Amino acid sequence: MLLTRLHFFALSAAVTLAQSPSVEIASNYRVQTNVTYMKEGTWEGKLDIYQRTDSAVHPTLVYFHGGDSLSSSKEPAILSLLPYLEWGWNVVNVEHHYPSATIAPAAMANAFCAVRWVVRNAGNYGFDASRLVLSGGSSGGWFALTSAIIPRPDGSDPSCPGNELVRVAPSSTGMELRI
């Protein structure tokens with residue numbers, strides 16, 4: 001019964017958030033939905049930002065939803081984000097594909113662009129770019145993994161310009177890459 005109530009709450013919260021561009025959850029979080037991180041033709045990559053309202057920088061989760069390329073979307077991922085919100089992290093929930101139209105490798109390139117956007121905009125949202133965690137459920141885990149470890153040459157995608165440095169491990173290990 002409790003799980004059913006929690007699931008209902010999460011789904012209704014997702015619907016409410018999708019309908020308004022910016023809301024405040026209690027006094028701890030400001031939520032901005034459907035922020036554009038890239039454009040490719042008529043498609044716009046969107047993400048939701050769960051930002052702490054204090055002025056400090058916080059560890060940040062970049063979350064990629066799972067599911068198939070025909071029907072899945074970022075909105076139902078709220079249950080997966082709750083532990084990070086409880087820990088006081090910022091969270092970025094990414095839509096990395098357009099249902100039934102975007103398949104790999106384009107969805108992987110979109111995931112790269114989302115991470116690059118997070119690093120580029122870290123100062124605007126209180127993201128600690130040195131403490132980014134990329135995660136996802138099911139196929140979203142694959143997008144998170146590839147976004148963290150597969151290098152891409154600078155300027156290889158004109159719809160996703162930039163050369164932001166993303167740290168995938170402490171710099172003392174030498175494991176830094178440009179995506």
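Reply: Let us start with aromatic pairs: rings of Phe, Tyr and Trp (for Trp, the six-membered ring) pair if their centres lie within 6.5 Å, and planes under 30 degrees apart count as stacked, over 60 as edge-to-face and the rest as tilted. Please keep in mind that this is a predicted model, in which local features need pLDDT of at least 70 and side-chain atom pairs count only at pLDDT 80 or more, while totals for chains, interfaces and linings use all residues. Residues are numbered from 1 along each chain as its sequence is written, and side-chain values use heavy atoms, with hydrogens and water left out.

Me: How many aromatic pairs does a search of the whole structure find?

Reply: The search finds six aromatic pairs. In one of them, the ring centres of Tyr 84 and Trp 87 are 5.1 Å apart and the planes stand at 75°, so this pair is edge-to-face.

Me: Are Tyr 84 and Trp 87 buried or exposed?

Reply: Tyr 84 is buried, with a relative accessible area of 18%, whereas Trp 87 is exposed at 56%; here buried means under 20% relative accessible area, exposed means over 50%, and partly exposed is in between, computed with a 1.4 Å probe and protein chains only. Trp 142 and Phe 143 also form an edge-to-face pair, with 5.0 Å from centre to centre and 80° between the planes. Of these two, Trp 142 is partly exposed at 42%, while Phe 143 is buried at 9%.

Me: Which residues do ring pairs link into a cluster?

Reply: The cluster consists of Tyr 84, Trp 87 and Trp 89, linked by ring pairs.

Me: Let's step back to the overall layout. How many helices and strands does the chain have?

Reply: The chain has five helices and eight strands, where helices (H or I, at least four residues) and strands (E, at least two) are DSSP runs numbered from the N terminus. Starting at that end, the elements run α-β-β-β-β-α-β-α-α-β-α-β-β. The chain has 179 residues, of which 45% count as buried.

Me: Which residues of helix H2 are buried?

Reply: In H2, which spans residues 78-86, the buried residues include Ile 78, Leu 81, Tyr 84 and Leu 85. They cover an arc of only 110° around the axis, which puts them on the same side of H2; the arc is that of the directions from the helix axis to the C-beta atoms. As a general point, an α-helix has 3.6 residues a turn, so residues three or four places apart point the same way.

Me: What follows H2?

Reply: H2 is followed by Gly 88, whose phi is positive, near 90°.

Me: Now strand E5. How many of its residues are buried?

Reply: E5 covers residues 90-94, and five of its five residues are buried. Both faces are covered, with Asn 90, Val 92 and Val 94 on one side and Val 91 and Asn 93 on the other.

Me: Which strands pair with E5?

Reply: Strand E3 (residues 43-52) pairs with E5 in the antiparallel sense over four bridges, and strand E4 (residues 58-64) pairs with E5 in the parallel sense over five bridges; two strands pair if DSSP finds at least two bridges between them. Asp 48 stands opposite Asn 93 in E5, and Thr 60 stands opposite Asn 90 in E5.

Me: New topic: how many salt bridges are found?

Reply: A search of the whole structure finds four salt bridges, each being a side-chain nitrogen of Lys or Arg within 4 Å of a carboxyl oxygen of Asp or Glu. One of them joins Glu 44 and Lys 46 at 2.9 Å, N to O, and both Glu 44, at 31% relative accessibility, and Lys 46, at 24%, count as partly exposed. These two residues belong to a network of salt bridges that also includes Lys 39.

Me: What about Asp 54 and Arg 131?

Reply: Asp 54 meets Arg 52 in a salt bridge of 3.9 Å, N to O; Asp 54 is partly exposed at 35%, while Arg 52 is buried at 18%. Arg 131 meets Asp 128 in a salt bridge of 2.7 Å, N to O, and here Arg 131 is partly exposed at 40%, whereas Asp 128 is buried at 14%.
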